[in-house]
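Visitor: Hi, I've got this one open on my screen and want to talk it through. Can we start with how the helices meet?

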Amino acid sequence: WELNGSFYQPSAFLMMGIPGLEALHHWISIPFCALYLIALLGNCMILLIIKKTQSLHEPMYYFLSMLALTDLGLVLCTLPTTLGIFWFNMRRIGFDACLTQMYFIHILSFIESSVLLAMAFDRFIAISRPLRHPSILTKRTVMKIGLVIVLRGMVSLLPIPFLLKRLTYCGKTELSHSFCFHPDIMNLACADIKVNVFYGMIILLSTVGMDFIFIVLSYILIIKTVIGLATKEECLKALNTCVSHICAVLVFFIPMIGLSMIHRFGKNVPPLVNTLVAYTYLIIPPALNPIIYSIKSSHIREALLRALRRKSE
């Protein structure tokens, strides 16, 4: 412990694996390794296919590249500490290292939320203004949107580590997960955390909350536009282009909302439920997104099959 008058700060935190199943961590690591491997290979494959296929150099696939990069970042943020616990029981993480991991996990989560909103906007423009779509979402515009998304996440979350460093911590250093999460660290403090709670709630609602609301509004407008189309075939074709994005939105937002609610209101929720929701939130979307887009996007699927044929020849 570092002592400065009445100010106490731990030198390190202790991370938790899966409570009650510590003896099975080596076996539990097998499905986790599979999910991490799928996420790493799948997202790298998406990036490589989009880069090498000229016909995929369109706004929809530029945003998909951003999503794949974000998912890779989330995987690389949590993989070392999660597998470190499962394989070697390495539970200790330095205070500053924990804050750094927490900062990047939250930034990448906010970026993923914003990218999903940008993809919803792209689908709305493509369906409602198909002729103007190329002129509205140019390559330069997509790059600007990407830059704004990254800056928004970095700037909005920049005060969080400093708000945690100013707190006094008392005795308990055990985190609830195998990664560092803002509410988890905050709840270990014995000082007044009202500022942290208020700032965290405001940032969450003004970023991820607003993103979700605008995504829902985008799909209300998309459905309204699709209903006005002449034939049933045109309606189904237009909606089919949105299926993969809707799946990605649900896979990301449902666990995230669940984890936020548990941390803020679920004090009586069993630790195992809390842990499983957290892993679902950070590991399942990066693993499922490449699969969803490979199955539903005929362009991605065809490009992948062409690449596989070239390798086999």
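This is a predicted model: local features need pLDDT of at least 70, side-chain atom pairs count only at pLDDT 80 or more; totals for chains, interfaces and linings use all residues.

Visitor: OK, which residues in α3 meet α10?

Guide: From α3 you have S109, F110, E112, S113, L116, M119 and A120. On the α10 side they meet H245, A248, V249, F252, F253 and M256.

Visitor: And at what angle do α3 and α10 pack?

Guide: The angle is about 150°, and the axes are 11 Å apart. Angles over 145 degrees count as roughly antiparallel, so α3 and α10 are roughly antiparallel to each other. As for handedness, α3 passes α10 in a left-handed crossing.

Visitor: Switching to cysteines. How many disulfides are there?

Guide: The count comes to 1 disulfide. C98 and C180 form it, with their sulfur atoms 2.0 Å apart.

Visitor: Where do C98 and C180 sit in the chain?

Guide: C98 is in helix α3, which covers residues 95-128. C180 is in the loop between α6 (159-165) and α7 (182-186). The two are 82 residues apart, and the pair links distant parts of the chain.

Visitor: Are C98 and C180 buried or exposed?

Guide: Both C98 and C180 are buried.

Visitor: Is that disulfide left-handed or right-handed, and why?

Guide: Left-handed, because the torsion about the S-S bond of C98 and C180 is about -120°.

Visitor: Why is C247 too far for a bond?

Guide: The closest cysteine sulfur to that of C247 is in C242, and the gap is 11 Å, so that is too far for a bond. C247 counts as partly exposed, at 31% relative accessibility. C190 is also in the partly exposed class, at 43%.

Visitor: New topic: P19. Where is it found?

Guide: P19 lies in the loop between β3 (12-14) and α1 (25-52). The residue is buried, with a relative accessible area of 19%; the cut-off for buried is under 20%.

Visitor: Which residues does P19 touch?

Guide: Leaving out residues up to four places away in sequence, P19 touches P271, L272 and T275. S218 is 199 residues from P19 along the chain, and their C-alpha atoms are separated by 40 Å.

Visitor: Last one. Where is confidence lowest and where is it highest?

Guide: Confidence is lowest in strand β1 (residues 2-4), at a mean of 48. Helix α5 (residues 139-157) is the highest, at 95. For the protein, the mean pLDDT is 88, and 96% of its residues reach 70 or more.

Key
Residues are numbered from 1 along each chain as its sequence is written. Side-chain values use heavy atoms; hydrogens and water are left out. A disulfide is a pair of cysteine sulfur atoms within 2.5 Å. Helices (H or I, at least four residues) and strands (E, at least two) are DSSP runs, numbered from the N terminus. Buried means under 20% relative accessible area, exposed over 50%, partly exposed in between (1.4 Å probe, protein chains only). pLDDT is the predictor's confidence in each residue, from 0 to 100. Axes are lines fitted to C-alpha atoms, for helices over the stretch in contact, and angles run from 0 to 180 degrees between N-to-C directions. Angles under 35 degrees count as roughly parallel, over 145 as roughly antiparallel, 65 to 115 as roughly perpendicular and the rest as oblique. A crossing is left-handed if the near helix is turned anticlockwise from the far one by less than a right angle, and right-handed if clockwise. Contact means heavy atoms within 4.5 Å.
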